[in-house]
Structure formats: structure tokens, C-alpha cells
Amino acid sequence: MNAPAEFARAVCPHDCPDTCAMRVTVENGRAIKVSGDPDHPPTQGVLCTKVTRYAERVHHPKRLTQPMKRVGRKGEGRFEPISWDEATRIAAERLGEIARRAPEAILPYSYAGTMGLVQGDSIAQRFFHKLGASRLDRAICAAAGAAGLRYTFGSSLGMLTEYFAESEVILIWGANPIASNLHFWTRAQEAKRNGAKLIAIDPYRSLTAEKCHQHIALKPGTDGALALGMMHVLITEDRLDHDYIAAHTHGFDALKARALIYTPARVAAICGIEEQVVVDLARLYASTRKTAIRMNYGLQRVRGGGNAVRAIACLPALTGAWRERAGGVLLSSSGWAPVDANALQRPDLIPGWPQHQPRIVNMNQIGDALTHTGDAAFGPKVEAIVVYNSNPVAVAPESAKVAAGFAREDLFTIVLEQFQTDTADYADLLLPATTQLEHLDVHKSYGHTHVMANLPAIAPVGEARPNTEIFRCIARAMGLIEPALFESDEDVAAQAFDWSDPALGGADWAALKRAGWLKLDIPEAPFANGGFRTPTGKCEFRSEALAKAGLDPLPDYLPPHESADGSPELAARYPLAMISPPARNFLNSTFVNVESLRATEGEPHVDLHPADAALREIADGDEVRVFNDRGSMRARARVTDRARSGLVVGLSIWWKKLAPDGRNANEVTSQALTDLGGSATFYDCLVEVERA
Ligand SMILES: Nc1nc2c(c(=O)[nH]1)N[C@H]1C(S)=C(S)[C@@H](COP(=O)(O)OP(=O)(O)OC[C@H]3O[C@@H](n4cnc5c(=O)[nH]c(N)nc54)[C@H](O)[C@@H]3O)O[C@H]1N2
Ligand SMILES: Nc1nc2c(c(=O)[nH]1)N[C@H]1C(S)=C(S)[C@@H](COP(=O)(O)OP(=O)(O)OC[C@H]3O[C@@H](n4cnc5c(=O)[nH]c(N)nc54)[C@H](O)[C@@H]3O)O[C@H]1N2
Ligand code: SF4
Ligand SMILES: [Mo]
């Protein structure tokens, strides 16, 4: 007899600004359906296509349900099941032996497979801190933009997403919300129906760009110049809010001198667009204070990404757009939530802290790190890597090096996963992890301003365990006795926020758990009267902190590492700029193994402009090889003017083993970093394309 269906409340765990509230229908212990919570204001009852399939993913026949140890060669992906006791014993012995001898030879590697604060970075961090392991600079995605915001506003703060619906002009800048920020797109549509003008700034005619009133297809990596060119026009035509500038900004005269160098003619040449486009954009921008900018991370995956974000972030203070709740800029709202990172992660557990600071490895250079033999500058060779919430063999740049590193016979690799990903294939120990429906968590959002609780809807599938529990077990098997390593998920969740922060309105974990979500108490127009979190309390056009660090205190345009301006010799050999932004039906490399979603994406393809295709005698549908000095991949060519000339677009991120040639776009991307924040430069990548 069937038990009656139950409904549980959950939070979408994925790395997406929308952080939706979900309702889970459970029957006989199985999740049979996941839907958007109609009562949660940001979600409005709607989930994206991918996550509507979440139940399919949770109960997928290929879910990992047992601990396994490697029996084949590294990377071959052959395993045999073992018990949890044996798995934790092996892990504890190997990690314990290395930790006693050279703790920094242990490297944790994780990112945002789940954005949950408990399964993301609590017990795991505490465990690695207690060992004195290497630390990971988690800069694969947003670090350049975060640094740009920090030096300008003091933190990752911005407009409240709901008020975009009232904006009169919206610039969608380096963002493709139809694919990657769906609930913002709903607001933009509302604004459009009310008469707002939507402008997409993107080298590619994305699904979003084609639905905007205007699309400015600039060259990738030139956004900083465009923002400075807009400033030039605002200043020379005196379209400024002088009172706002005087009261709430720092360094206007210096910024003015910088912007005056960026004449529209010069900017047009840099960006590969018409001079009049720059002038008209600035005029439109200043035509109303209800002008809102939705930046997203697509524009900061290039050398000058931090400066570009900083330049764009300066715009609303120049025209006084911040005075309106429908004006301003949003890249990330994550700084509004009072997360207590120290309580969650306990850096004080590091032996000898704070005098002793274990080395930091930038995750964007994991290929270099794993193939390094160790020296005085680098420190000890990496002997063990523990991967959770991430799939580096598919997502990290310069994949051939990453794979070579993971293939080292003398590297001990533990992977905590839900599925046998490209990375899992290289594991010595592959440990099954629970999904969001099976564990407890607490969330903030980087696209809205609610904090949320996720409660388990079903029991763990098979023998899967939450990340927290796996690290507790390994810690116990190692004989560690530090109490912070053994706190329950509930205890950890209760420490996730600084509950005394006024934004939480006096709530505590119990209240959040009861309510499901809480809206943070933030002013509707957060910077109408200044109140930036910088050292000066102002919007810092000029940053003394940057000056002190020996960096340019003003925003500037920096040509991409790989471009005709940045590296002419390389550009002569590899004349095409490749970007590999997210495919709509994947979430990074998550969901690539869900058959229905993969079928919708079809196969790996690259979009090429007709002129570039003709020059290479490539026809629509041809199989092509995309290559540079780092590597190559194959894909089906789509000849289309969606890509501006000189641009190649390969929507991503494919599992390598599910692509016909076993490769993906990261064969060609580079480990070079951005100007600020040490971010990855996935979209700063020159290639050549030929018919295969
Ligand atoms: N469906 C789906 N949603 C996702 C993801 C996913 O993989 N799939 N990933 C999630 C994650 S981790 C993130 S970080 C976000 C990413 O999502 P977004 O922040 O929206 O960023 P991207 O998709 O990287 O890029 C957005 C747009 O920027 C354009 N772009 C590339 N280079 C440049 C440039 O130099 N200048 C400008 N102006 N535009 C440029 C691309 O063509 C693309 O259309 O989305 C999240 N949501
Ligand atoms: N070429 C190219 N490369 C890119 C990008 C690009 O645009 N182009 N985008 C970059 C960006 S923005 C990002 S954020 C990164 C994303 O890179 P990753 O953070 O590695 O994201 P995913 O590929 O989604 O892999 C997350 C993995 O975590 C697992 N997972 C989910 N929840 C849990 C859990 O609770 N426990 C455990 N143990 N595992 C879990 C999932 O099964 C999945 O395999 O990729 C980057 N790489
Ligand atoms: S991936 Fe984003 S849009 Fe889709 S359900 Fe999750 S939070 Fe919502
Ligand atoms: Mo990301």
C-alpha cells in the first residue's frame, strides 16, 4: 500500500544567483517531484528546466551509493565497493601519515557543487585547518568581480533584485540571465512591459541578447574601456549628479582625469564597436536615474576583469542612480548576509595560527600545482588531494595539465561525489555523497537577499553520507578529538550567521528553520544616502587600499592577456578569441549526465561568424578542431552571426568522457589570472579553428 505523499521544503543548492525555494513531493521514501515554492517571493513558484529534473538526478541509476576503491589505472574509472569502515580507515591512515610529516602536502579542493554553508565549508574546512593542510584560494569563478566590488563599495553589495522591475533602462552586462539567472529575467521582462529599454552588452548574441532592444557586441575583455568611455561622455557633457558625487564618493577628480583619456573614438577602436554607440549608451544611461545595471560574472573572466567591474560599479554614483531603488548596479548581493565565516570554518584551529599561515594554492592553477615537484618557493609537493563539491578535471583551466596531475601514481586522491565524474575517475577512494534532498543546510544567495534553511526530505540514497559526516568519520578514525570537528549539522547551521546583525531582525536558527526563509532587512535603495562599506564610507572611485598594495588606485582598461593588444605575436598565430560560457541546460558540469538535459544540448558545438568560417572553408555542421599551444578539442561548427567576427563560442561545461573526443573547452583555456582577486581567465583565450 502506498504511503500518502508528503511535501518537504528544500533550497536549490546550485551555484546560481537565484537560490530558489523548492517543494519536494515524497512518496514511499522517494522524491518524485520538485517544484518551485509559490510562496517564496524570489522563486515565484518557478524552477529552471534543469532543477525541475532534480528528482531524476537524485534517484539516477548511476548515483554513487557505496564507498569504492580504485582497482584500475588512475583515470580509468574502475573501482570495487568497500565498506565505510575500510574507506575511512584507508583515508585516515594515508592522510594521517602525510599530516604528521608534511601537512601542507595535503590539499583540499572544493567549490560550489552545493552553495550550502554547512555542506560547503564547515566541518571540511575545520578538518583541514586542524591538520595544518594547504589552503585553497577558491577563485575559480567570482574573485575578480568580488575584488572590484570590494575596492569600490567595500563588499559584494548592490541593488535589490526585485526593484529592477521598476527600472526604465536596464543594462544586462556580461550576463545571460535566461540561462543563468532566470528569476532576474522575469523582473527585466516586467520592466520591459512597463516600457523599459533593455540593452545587452555581450560579444555573443546570447538567448538573452536576442530578446533585448539593443545588443552591443563588443570584443571580449574590453568592458573596462566601454565603461570609461561612458564616463568620458557623462563628464564632458556634464550629465552628472554633482551633489551625490560631492557627498558620497571619493576621488572624483582623479577618476575624471582617467576617464578623459578614454575618448569615444579610442574606446570604439578598443571595443570594436561604433563611436556613436558609446556616446548614445552614455546618454541613455544618464537619461533617467532609474537606470539599473545587471552585471554578471561573464565579463570578469579576462585579465582586466576586476578593473572592468570596478569601472562599471562607478557609473551609478556619477549619475546619482543610487538615489532610486530602481537604480544602481548588481553583480552579487552575497555581502548583505551576515555569514560568520570564522565560526563555520575555524581558522583558529590551524596549528600555530595566526603566526603560522599554511600556504595558499590558487585553484585556477591546480594543473601547475599537481605537476610541481616541490621547492622552497612552492613548498612541498602535493601528496594528497581531497576533492568535494567540484569536478576539476572538467572545469579547471588547461585541462591536460590538470589530468596529468591527477594521473600521478604517487598522488593519493579522495573524491566525495554524487556521480562518477571525470574527476572521480582519478580517485583512489571514491566516497558517495548525499544530495540536497538528503541533508541539512543553510543558505544565503548571491542574487537575492533572503537567507534560507534546507531540511532533508528523504533518507540518504544507498550508503551516501553528507560531506560533514564523511569528514567527521575520517577525523574520528584519525584519532582527532577536537570537539569542533564533531558538531552536528544542526549545531553548525546554528553558527552560520551572526544572529545579532540587525539585518536578521532578531531571528535565530530555530526561527529560520521554522520559517524556511527570512528576508534580510536592507534599505530599498541601499546607497541613496551613501553608506558604502569602504574605509572612507564612500563609493571609492580612487582606492587608497589599492594604492597601498602598489596597484593602480583608479579603474582602468587592461587588454586581455591573449589579444592583438596584449600579445600580438600570439594573436598572429591564434587569431580567434574563444569564450565558453554556460549552456542553458547544464549547471557548470552538473546535469551533463542527466540524459534528458544532455539530449537537449545535443553535442559539443562551437559558434563561428560566417566570415571567419568562410576564411577557413568551414561549413555549418562541419566537424572542427579548436586548438592552441595548450591543447585541442573537437566540436560541431555552427556558422552563425550570433558570434561577432573574431569570436568562437563553445557553450559549456561538457563532461569530457561524454564528449565524442573525450575533451572539452578547458583543453584550450589558460591558468593565467586576473588583475584583481586571482580569478580564472576562461574567456581570455586565443585559438585557431580548422576543419577536422
Ligand atoms: N544554466 C546555467 N546557469 C548557470 C550556470 C550554468 O552553468 N548553467 N553557471 C552558474 C555559475 S557558476 C555562474 S558563475 C553564473 C555564470 O553566469 P553569468 O554570470 O551570466 O556569466 P556567463 O554565463 O559566464 O557569461 C554571461 C555572458 O557573458 C558573455 N561574455 C563573455 N565574455 C564577455 C566579456 O568579455 N564581456 C562581456 N560584456 N560579456 C562577456 C557571454 O557571452 C555570456 O553570454 O551562472 C550560474 N548559472
Ligand atoms: N571553460 C569553462 N570552464 C569553466 C567555466 C566556464 O564558463 N567555462 N565556469 C567556471 C565557473 S564560473 C565555475 S563556478 C566552475 C564550477 O565548477 P564546479 O564547482 O566544479 O561545478 P560543477 O562542475 O557543477 O561540479 C560540482 C560537483 O559537485 C558535486 N556535488 C554537488 N553537491 C555535492 C555535495 O553535497 N557533496 C559532494 N561531495 N559533491 C557535491 C556535483 O555532483 C558536481 O559534480 O567552473 C568553471 N569552469
Ligand atoms: S539553478 Fe537557479 S534558477 Fe534553477 S532552480 Fe536552482 S536556483 Fe533556481
Ligand atoms: Mo561560477
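The model is predicted. The domain assignment gives domain 1 (6–58), domain 2 (68–137 + 338–419 + 434–519), domain 3 (159–331 + 527–548) and domain 4 (568–691).

**Domains**
- Domain 2 is assigned in three segments, 68–137, 338–419 and 434–519. Domain 3 is assigned in two, 159–331 and 527–548.
- The C-alpha centres of domain 1 and domain 4 lie 31 Å apart.
- Domain 1 gives 10 residues to the contact with domain 4, and domain 4 gives 10 residues in return.

**Largest pocket**
- Two or more lining residues come from each of helix 4 (117–121), helix 5 (123–131), strand 7 (135–137), helix 6 (143–153) and helix 15 (341–345).
- Helix 15 supplies the largest share, with 4 residues.
- The lining of the largest pocket is made up of 19 nonpolar, 14 polar and 7 charged residues.

**Second largest pocket**
- This pocket has 23 lining residues, and K219, P220, S563, A564 and A577 are the closest to its centre.
- By class, the lining of the second largest pocket has 14 nonpolar, 4 polar and 5 charged residues.

**Ligand 3**
- Ligand 3 sits in the second largest cavity.
- The residues around ligand 3 are C12, C16, D18, T19, C20, L47, C48, V51, H183 and L587.
- The shell around ligand 3 divides into 7 nonpolar, 2 polar and 1 charged residues.
- T19, one of the residues around ligand 3, lies in the loop between strand 1 (6–11) and strand 2 (21–27).

**Backbone features**
- Most residues other than glycine have a negative phi, and most peptide bonds are trans.
- T19 has a positive phi, near 35 degrees, and is not a glycine.
- W353 and P354 are joined by a cis peptide bond, with omega of about 0 degrees. P354 lies in the loop between helix 15 and strand 14 (360–362).
- The peptide bond from S652 to I653 is also cis, with omega near 5 degrees. I653 lies in the loop between strand 26 (647–649) and strand 27 (686–691).

Methods. Residues are numbered from 1 along each chain as its sequence is written. Chains are lettered from A and ligands numbered from 1 in the order in which they are written. This is a predicted model: local features need pLDDT of at least 70, side-chain atom pairs count only at pLDDT 80 or more; totals for chains, interfaces and linings use all residues. Side-chain values use heavy atoms; hydrogens and water are left out. Ala, Val, Leu, Ile, Met, Phe, Trp, Tyr, Cys and Pro count as nonpolar, Asp, Glu, Lys and Arg as charged, and the others, Gly among them, as polar. On a 1 Å grid over the protein atoms alone, a cavity is a set of points where a 1.4 Å probe fits but cannot get out, and a pocket is an open set with protein on both sides within 12 Å along at least five of seven lines; lining residues have an atom within 4 Å of a point. A residue is near a molecule or strand if one of its heavy atoms lies within 4 Å of it. A molecule sits in a cavity or pocket if more than half of its atoms lie within 2 Å of its grid points. Domain bounds come from an automatic or database domain assignment. Contact means heavy atoms within 4.5 Å.
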